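Keep the sequence and the model in view while reading.

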Amino acid sequence: MLAHFRLTVPTSLAVDVRDLLLGHDHVTNVTVQPGAVVRPAGDLVEADVARESSGALMDDLRRLGLHETGGIVITSPTGTPFAAADALEDLAPGHPDDAVIWDAVEDNAEAGAVPTLSYHLFLVIAVALAAIAVLTDSAVLVVGAMVVGPEFGPITAISAGIVLGRPGLLLRSLRLVVFSFVLAVLVVTALSLAGTAVGWVDEELVTRPRPNTGFIFAPDHWSFVVGVLAGAAGALAVALQRASTMVGVFISVTTVPALGNLALGVAVWERDEVLGSLAQLGLNVAGMVVSGVVVLLLVRTAWPWLAARSDRIFGVVT
């Protein structure tokens, strides 16, 4: 698997960038179109790079100052069916699936900390689904609410902000998590109060024995363990850009169900439901943030060494 670099290069850096790419052992298909870029004026340079070496090449381009005076766009081709691509993958240390491009990680974290309208709408819908799951004691609806919930983005951004030393990102992520959780609970509480007015919601529905959803407001030591494991898997999936893995992470944590149960508890003013939901929520979020920080720190420090030696360590035959 290769990464495609599309570079806008000012004239002052044209020779340096060209020499860097041509002298790199893990780069192929270097294309230079002098003067092709109109704004900002410069050359258009493109190259295919072994994904495992993309981070190192990005560091070299940053040292040249291209990120400040030109443009850098990195994309992932859907396929690279040519012999040179296979040769580069064999030459580069490690496996492309284990490659981490930290610029992409940072961009994803920044995107996760943005308070978009769609994020708030998805979270409100997810919390409303969770509340209905509690009222109907439906495990299926709990899973559906977990999948719809978008809250893992800003929670991961909190961990990334700590690891990357970005206090601004950390504060924006924290603010988004707190505000969005409060907003979603208030909206669903209002809907629940409307439900009580028409007889759809009452205290008995919320407090009765619920074998399928009672765990939502009854946290134990496993709640924290699940949060830790989910946070670790999620942070690793974000670092490696494994979108499919994230679905499993969404299903494993009970942040959204806890918010739904919290809203119902507030609506019928049931103290045990409120406190239990808050405890469940706190344990899950704390576990995810702590493990996310640990995993991202390990990926940032030990991962390059481990990935480059994975064949030898794990006995993988390629």
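**Strands**

Strands β2 (residues 27-37) and β3 (residues 42-50) are antiparallel partners, joined by 6 bridges. They make a hairpin, with 4 residues between the two strands. Thr28 has Asp48 of β3 as its bridge partner. The model is a predicted one.

Pro40 sits in the loop between β2 and β3. The peptide bond leading from Arg39 into Pro40 is cis, and its omega is near -5 degrees.

Strand β2 also contains Asn29. The phi of Asn29 is positive, near 55 degrees, and the residue is not a glycine. Asn29 is partly exposed, because its relative accessibility is 37%.

How much of β1 is covered? Most of this strand is: 7 of its 8 residues are buried.

| Strand pair | Sense | Bridges | A bridge pair |
|---|---|---|---|
| β2 and β3 | antiparallel | 6 bridges | Thr28 and Asp48 |

**Helices with a buried side**

In α2 (residues 54-64), the buried residues are Ser54, Leu57, Met58 and Leu61. They lie on the same side of α2, because they cover an arc of only 100 degrees around the axis. Just after α2 comes Gly65, with a positive phi of about 90 degrees.

Helix α5 spans residues 102-112, and its buried residues are Trp102, Ala104, Val105, Ala109 and Gly112. Their arc around the axis is only 155 degrees, so these residues too share one side of α5. Asp107 and Ala111 are exposed on the other side of α5. What covers the buried residues of α5? The cover includes α8 (152-163), α9 (167-197), α11 (221-240) and α14 (271-301).

**Selected residues**

Arg18 belongs to helix α1 (residues 14-22). Its relative accessible area is 43%, so Arg18 counts as partly exposed. Arg18 and Thr31 are 13 residues apart along the chain, and their C-alpha atoms are separated by 9.1 Å.

Thr255 is part of helix α13 (residues 255-268). Is Thr255 buried or exposed? Thr255 is buried, because its relative accessible area is 0%. Apart from neighbours within four places in sequence, Thr255 contacts Glu151, Leu281, Asn284, Val285 and Met288.

The loop between α13 and α14 contains Trp269. Trp269 has a positive phi of about 50 degrees, although it is not a glycine. Trp269 counts as exposed, because its relative accessibility is 70%.

Gly292 lies in helix α14. A relative accessible area of 2% is why Gly292 counts as buried. Beyond neighbours within four places in sequence, Gly292 is in contact with Ser159, Gly231 and Ala235. Gly292 and Val253 are 39 residues apart in sequence, and their C-alpha atoms are 14 Å apart.

**The chain overall**

The chain has 16 helices and 4 strands. Its C-alpha trace spans about 75 × 50 × 35 Å along the principal axes. Of its 318 residues, 46% are buried. Among contacts with a separation of 6 or more, 78% are between residues 24 or more positions apart.

The chain exposes about 15400 Å², and carbon and sulfur atoms supply 66% of that area. How far apart are the mean positions of the positive and negative charges? For the 16 positive and 29 negative charges, the mean positions are 5 Å apart.

Technical notes: Residues numbered from 1 in each chain as written. Predicted model: local features only at pLDDT ≥ 70, side-chain atom pairs only at ≥ 80, totals over all residues. Heavy atoms only, no water. Buried < 20%, exposed > 50% of the residue type's maximum accessible area, 1.4 Å probe, protein only. Arc of directions from axis to C-beta. Contact = heavy atoms within 4.5 Å. Pairing = 2+ DSSP bridges. Areas by Shrake-Rupley, 256 points an atom, 1.4 Å probe, with all protein chains shown as cover. Lys, Arg positive; Asp, Glu negative; His and termini not counted. Charge placed at Lys NZ, Arg CZ, Asp CG, Glu CD.
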